[in-house]
Amino acid sequence: MAIMHPAANMRTAPDKGATGEAAVEPPAGRAAQRRPAYIAQAVSYVIDGAILFAYASIGVTTVTTGLVYLTLRLAVVGVAFFLSETRVTDRLRDHYLFVPLSLVSITIQIGAIYLVPQIGFYFIAIIFVVLGFGALRMSARQTGIVWAYATLGLAVLFLMTDKPIGIPMADATERTLALACFVSTLARCAGAGLYGSSMRELLYRRSNALAAANARIEELAQIDELTGAYNRRYIMKYLGEKITRIQHGAHGSVALIDLDHFKRINDRFGHPVGDEVLRRFARAIFTNIRMIDKLGRYGGEEFLLVLPDTNTDQALQIVERLRSIVAEMDWSKVAPDLTLTISAGISEIASNDTPEDLLARADRALYRAKDAGRNRVLAAAQRRRFG
């Protein structure tokens, strides 16, 4: 029977000193994540201040209005930035402070509309920007609270005051400034969209990293750390599933493989050499079995090889070849004068087998192989498969 060399079976024990490709990089500190958001807010407020000063230069409003507005906005974001950098907000669920910042910002806009109604259109536009950015980070409930607060404030202005909220359009200069207001507002709305896109990209990357990490964790939960073979729990689970899938006419076999006189190797050469023997043995088996075959460490120096779609005669050929390969390996590279042989017992799966019945037959065949002098492969008497 031809022996395949599947890359999928070329597993080795995990390297404790290496970081796998699936390892998840530790996330940056929350303060570092918040910093760009606060800087962007500060830049936005400076743009607002520049527009107010431009309106003051043509007499629509006063310089004091621009100074007070800009000072308030920068003071609020400055406090938030300070709390962020000192990690005070790390313990909060809304660690960006989007809800309180949005409420304070909307309050400032409502006040500005009331005090400077002649350019009230611009402050209303800014409320849209505030809601747009906030909604990217806030929950549905939080967004609803902020929206309700903005709606209530505008309703009071529109329905309970007689302030003539305007948009100066008397001459070319005022029209140009109005255009600048809308262009800057649209730019920040577009920025909110880009920010949302970057957040989605970040979440996508983190989701992939998490999926890779989970896959690695699942793999490690299935694999024996020393040899890279499947651990006992997984190989027994796989064997149980394989037995339940045996259908009429299908075949499958198992081999219990024992490393001969392994205790002597540990006693003579030491446990580090014994561990290296186990690793090299497992690699030799992986290199010379089919992709569908499964090798698990059953316990100590004993391994369980599950051979799907294989009857007793075919299993004998496969395991006998593995025995020859192990016996012919140059083990002196591990330790001088070191040799290694294996013994194996084979049992074919019957349709009404339990894992315990199957392994008991393989175990009896293994002990017969040991009693016959070791370094040999014997098969258990075949049980009736059906009926």
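This is a predicted model: local features need pLDDT of at least 70, side-chain atom pairs count only at pLDDT 80 or more; totals for chains, interfaces and linings use all residues.
**Stop one: helices 2 and 3**

Select residues 63-85, helix 2, together with residues 98-115, helix 3. Their axes lie 11 Å apart and the packing angle is about 175°. Angles over 145 degrees count as roughly antiparallel, so helix 2 runs roughly antiparallel to helix 3. Now show side chains. On helix 2, the contact is made by Tyr 69, Leu 72, Arg 73, Val 76 and Ala 80. Helix 3 meets them with Leu 101, Val 104, Ser 105, Ile 108, Gln 109 and Ala 112. By type, the residues of this contact are eight nonpolar, two polar and one charged.

**Stop two: the largest pocket**

Centre the view on Ala 40, Gln 41, Ser 44, Val 129 and Phe 133, which lie nearest the centre of the largest pocket. The volume of this pocket is about 440 Å³, and 23 residues line it. Colour helix 1 (30-57), helix 3, helix 4 (120-137) and helix 6 (172-222): these are the elements that give two or more residues to the lining. Helix 1 gives the most, with nine residues. The lining comprises 14 nonpolar, six polar and three charged residues.

**Stop three: the second largest pocket**

Next select Gln 33, Tyr 96, Arg 137, Met 199 and Leu 202, the closest to the centre of the second largest pocket among its 11 lining residues. Its volume is about 310 Å³. Helix 1 and helix 6 each supply at least two residues of the lining. Which helix has the largest share of this lining? Helix 6 does, with six residues. Seven residues of the lining are nonpolar, two polar and two charged.

Methods
Residues are numbered from 1 along each chain as its sequence is written. Side-chain values use heavy atoms; hydrogens and water are left out. Axes are lines fitted to C-alpha atoms, for helices over the stretch in contact, and angles run from 0 to 180 degrees between N-to-C directions. Helices (H or I, at least four residues) and strands (E, at least two) are DSSP runs, numbered from the N terminus. Angles under 35 degrees count as roughly parallel, over 145 as roughly antiparallel, 65 to 115 as roughly perpendicular and the rest as oblique. Contact means heavy atoms within 4.5 Å. Ala, Val, Leu, Ile, Met, Phe, Trp, Tyr, Cys and Pro count as nonpolar, Asp, Glu, Lys and Arg as charged, and the others, Gly among them, as polar. On a 1 Å grid over the protein atoms alone, a cavity is a set of points where a 1.4 Å probe fits but cannot get out, and a pocket is an open set with protein on both sides within 12 Å along at least five of seven lines; lining residues have an atom within 4 Å of a point. Grid points are joined across faces, edges and corners, and a volume is the space filled by probe spheres set on the points.
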